[in-house]
Every structure is written in C-alpha cells, then in structure tokens.
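Welcome! Please take a moment to look over the sequence and turn the model around before reading on.

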Amino acid sequence: MALVRKQALLIDLTRCIGCRECVSACLVAHGLKTDPDSVTGLSAQALTALDERDGIYVRQLCRHCETPSCVSVCPVEAFTKTPAGPVVYDASRCMGCRYCMQACPFSVPKYEWDNPVPAVVKCDFCAARQAEGQQPACAEACPEGATIFGPRDELLAEAHRRIADSPDKYHPRVYGEHEIGGASVLFLSPVAFETLGFPELGDAPLPELTAAALHKIPGILSIGGALLAGIWWITNRREEVARAEHAQHFAVSEEDDHDRA
C-alpha cells in the first residue's frame, strides 16, 4: 500500500492583498450562490472568509486539525479525518446534535438553520478536487501566492525558511504547526497571532485533554462518595446523640417528678 502524504495549506498573511479571490473560488467550487463581497464571516453559505485587522487580511476556514475535536465528539461518526489531511463530513450520518459546533476551538462548523433538512457545513479542504489530483480552489485562485498547497512537511520547511530568511518580516512562529496537536492549515504572520484574533491554544490535542479529564472521574467519584458517606455518618451520629440526650433528659425529668410526688 502506497504511503499517503499528508497535504496542507500555507497561508502567508504578509502576502495577502485582500482581493477575495479565495472566497470567490471557494463559493464556485462548492456551488454556493453567495455574493463574495457580502461574505463577512463563516456561515452555511460561506466556507472561507476574509477578515481585516489593522491592515492585515486574515483567512478564516477549517484548520483540518491532526486530532480533530469535531471527529472525537461526533456520536455517529459523521466526521472523518482522512489520511491525506481533509476532515470531511457525511450529512447522511448526521443526527443534528451539533456537538461539533461546541467542540471546535475555532468556531468553524455552521448549521443550516433555514434548511428544512439541515446539515452542518464547513470547509472540506476541497477533498473531491484533491482526489482528482487538483489543489484546493482557494490556493489555485490566489494571485499573490498568499495561499499555497503541498505536502505538510514541505510547507513547514518553507515556512521556517521564510522566517529564517526574513526575521524582521515575520513573527517567529508557524501557527498550526503544534497548536492542539497540529493542523493541516498553517499560517505565517507579521505580528503576534493573538493580536489577529487567533485563539491561544496549547500543544495537546483537545480530545486527549478530554480523555484525561474523564479518566479522573472514577477517582473523583470515589473521593466524593467517601466524603458524602462521612457527612452522612457525622449527621446520623449527631442525630443519635441528640436523641440519646433527649431521652436522658426526659428520664431525669420523670424521676424528679416522681421524687416530688
């Protein structure tokens, strides 16, 4: 069996001119009728968007995480991480729980609220185009090379080469290389990513953190059970003492009344 190389996108924010060709190409590739100029954020009718922050254009799209939270929380396996990199969605399996929307740290999945038979919608990394040997529509359409497509390891090497060659031009970090276990969408920026609205995330995949928390639950329950048992014993013991004291006081009172009689 041939080894499948994991593919990725490298988005260099220093090269983006805000032309929105990526947005237009994505809409056409997915048969969406939205006006590109009206796209202000991700929605069920826009799978990628462009946001401007202090003169820097920032792409919004699914990051196709190496260990996706959406995949881990889906109870019916409607989401799948493919060996080539895309995280794809099968609407026929979806039961509409929308756990994926809650789990995604990038708030990517959107829901077709206006559709009588709604589904979850997100960027699919042009998985069908990749299967035919084509690159994602956004990368193909970019006139400035701000979005390029290729093997993930090669794009990481290219990103670090650019940082090393132009340290004054780039913030010294490739966003998506390590965050929550890594992603198939990588970013270069002239400024710190946090100033552009990128969430500050650790390196550990979120599903692993969840699993670690769940692993501790039996111990927590045991401690909690022991604590509740102790509280019950103390409360019960106090009631027993109170009843004994009351009985003793009543017996003494009866004896005093008997002596007086």
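The paragraphs below go from the whole chain to a sheet, a helix and one arginine.

Some ground rules come first. This is a predicted model, in which local features need pLDDT of at least 70 and side-chain atom pairs count only at pLDDT 80 or more, while totals for chains, interfaces and linings use all residues. Residues are numbered from 1 along each chain as its sequence is written, and side-chain values use heavy atoms, with hydrogens and water left out.

Let us begin with the chain. Its secondary structure comes to seven helices and nine strands; these are DSSP runs numbered from the N terminus, with at least four residues (H or I) for a helix and at least two (E) for a strand. Of the 261 residues, 36% are buried, meaning under 20% relative accessible area with a 1.4 Å probe, protein chains only. Contact here means heavy atoms within 4.5 Å. Among contacts between residues at least 6 apart in sequence, 57% join residues at least 24 apart.

Now find the open sheet of three strands, ordered β8-β1-β9 with mixed pairing. Its edge strands, β8 (147-151) and β9 (185-188), each pair on one side only. On average, neighbouring strands in this sheet are turned by 25° against each other, direction ignored; the axes are lines fitted to C-alpha atoms, and angles run from 0 to 180 degrees between N-to-C directions. Two strands pair if DSSP finds at least two bridges between them. β1 (residues 7-12) and β8 are joined in the antiparallel sense by five bridges, and A8 has G150 in β8 as its bridge partner.

Next comes helix α1 (residues 21-29), where C22, V23, A25, C26 and L27 are buried. The buried residues of this helix pack against β2 (49-53), β3 and α5 (137-141). After α1 comes G31, with a positive phi near 65°.

Finally, look at R59 in strand β3 (residues 56-60). What does the side chain of R59 contact at 3.0 Å? The partner in this polar contact is the side chain of T48, and another polar contact, of 3.1 Å, links R59 to the side chain of T147. A polar contact is a pair of N or O atoms within 3.5 Å; within protein, one must be able to donate a hydrogen and the other to accept it, and residues adjacent in sequence count only if both atoms are side-chain atoms. R59 is buried yet has no salt bridge, and the nearest side chain of opposite charge, D124, is 10 Å away. A salt bridge needs a side-chain nitrogen of Lys or Arg within 4 Å of a carboxyl oxygen of Asp or Glu; Lys and Arg count as positive, Asp and Glu as negative, and His and the chain ends are not counted. Leaving out residues up to four places away in sequence, R59 touches several others, including C22, C138 and F187.

How values were computed:
Buried means under 20% relative accessible area, exposed over 50%, partly exposed in between (1.4 Å probe, protein chains only).
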